[in-house]
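Please view the structure first.

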Amino acid sequence: MSTAMPAWSLTENASLKALNTFHVDAVAEQLLELHDAALLPDVLALPQVAGHPLLVLGSGSNVLIADDVPGTVLVFANRSIEVLEHRADHTVVRAGAGVNWHGLVMWSLQNGLSGLENLALIPGTAGAAPIQNIGAYGVQVDEFIQAVEAWDRQNNEWVRLDADACAFSYRDSVFKHDADRYLISAIELRLPLLHDLRLGYAGIAEEMQAMGVELPVAADVANAVIAIRRRKLPDPDVLGNAGSFFKNPVLPLEQVEVLLQHFPGLPVYPADQDDRRKLSAAWMIEACGWKGFRESDAGVAPQHALVLVNHGDATGAELLALARRISASVLEKFGVPIEPEPRLIGAQW
């Protein structure tokens with residue numbers, strides 16, 4: 001008797017509580033788990049899938065589900081990592097969309113590759129990483145993406161988009177703006193064998209010193225980042241959350257200079273353009289008194305004002321309502337709009 005895993009499975013009225021890190025208890029009309037991405041065009045053509053709403057979920061680490069989901073929720077379960085080519089100074093790696101992101105980072109380090117160490121312990125999957133161009137501690141994933149493989153639903157064809165075609169920017173990409181067009185099946189990463197370590201972001205050098213590391217290598221940076229993240233951010237397996245809920249706003253330098261006259265302690269960081277600066281949304285939210293706030297089971301993490309949390313049975317609608325109140329208070333106090341980083345499902349911002 002064969003025990004081979006089926007290439008795909010379809011489940012009706014499926015709970016999504018285990019498929020989103022907020023642990024919001026929502027229901028999908030049907031859940032499609034796809035282990036062989038090559039069969040994507042075939043499953044999309046199934047009568048019960050074709051012509052109905054379709055939502056792709058990775059590990060649900062960057063979404064807030066505010067309502068039950070009609071149609072089909074698609075989960076890529078292709079979790080293979082393969083080396084496409086070795087060169088003298090870099091290696092090209094292909095990861096299936098279903099690969100755990102932190103697992104991929106650790107795999108790269110174990111195989112002598114560098115570049116991803118600052119992105120350790122970010123929850124989610126490889127397929128979700130390009131969508132919002134994940135970043136942390138001075139590094140963004142677009143620096144290492146060579147190409148993204150996807151099914152183009154508009155033209156009904158497989159495409160391989162290079163980094164330029166992905167239109168990456170801060171927490172943004174073509175996949176975020178055209179969310180229903182591209183279904184990402186795999187990513188290709190160009191990872192260097194030797195890489196200038198990024199140690200300048202606040203906390204990393206101090207963590208390295210506390211670890212007693214004098215001549216750090218990429219794995220040391222990853223260990224420092226992991227220690228910082230575990231200390232600053234709640235574990236979603238213990239306390240439901242989607243990491244940083246709000247994006248750090250990027251404003252013109254003139255506006256930032258005016259803000260600093262009124263709020264001299266406001267942290268300011270470089271942005272992609274010389275005439276713009278990035279502000280700390282966490283600092284502004286904390287200044288408005290939200291850090292550690294709780295109302296019923298919806299709240300803000302006591303460790304970090306940027307993190308919304310589900311203490312147990314908060315609904316997506318309750319978490320969204322809290323996020324809107326926080327945003328409104330920041331706008332009132334600072335005149336600065338802040339926007340959610342996670343994708344909102346079943347609601348508009």
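## Leu116 and its neighbours

Leu116 contacts Trp101, Val105, Ser108, Phe144, Leu189 and Leu191, leaving aside residues up to four places away in sequence. Contact means heavy atoms within 4.5 Å.

This is a predicted model; local features need pLDDT of at least 70, side-chain atom pairs count only at pLDDT 80 or more, and totals for chains, interfaces and linings use all residues. Residues are numbered from 1 along each chain as its sequence is written, and side-chain values use heavy atoms, with hydrogens and water left out.

The largest nonpolar core holds 43 residues. Trp101, Leu116, Leu119, Ile187 and Leu189 have the most contacts inside it. Such a core is a set of buried Ala, Val, Leu, Ile, Met, Phe, Trp, Tyr and Cys residues joined through side-chain atoms within 4.5 Å. Buried means under 20% relative accessible area (1.4 Å probe, protein chains only).

Elements that each supply at least two residues of this core include S7 (90-96), H2 (101-110), S12 (182-192) and H5 (218-232). H5 gives the largest share, seven residues. Helices (H or I, at least four residues) and strands (E, at least two) are DSSP runs, numbered from the N terminus.

## The open sheet

Four strands make an open, antiparallel sheet, ordered S13-S19-S18-S17. Pairing requires at least two DSSP bridges between two strands. S13 (240-244) and S17 (294-295) are the edge strands.

S18 (residues 298-300) and S19 (residues 307-310) pair over three bridges. Val300 stands opposite Leu308 in S19.

Conventions:
Buried < 20%, exposed > 50% of the residue type's maximum accessible area, 1.4 Å probe, protein only.
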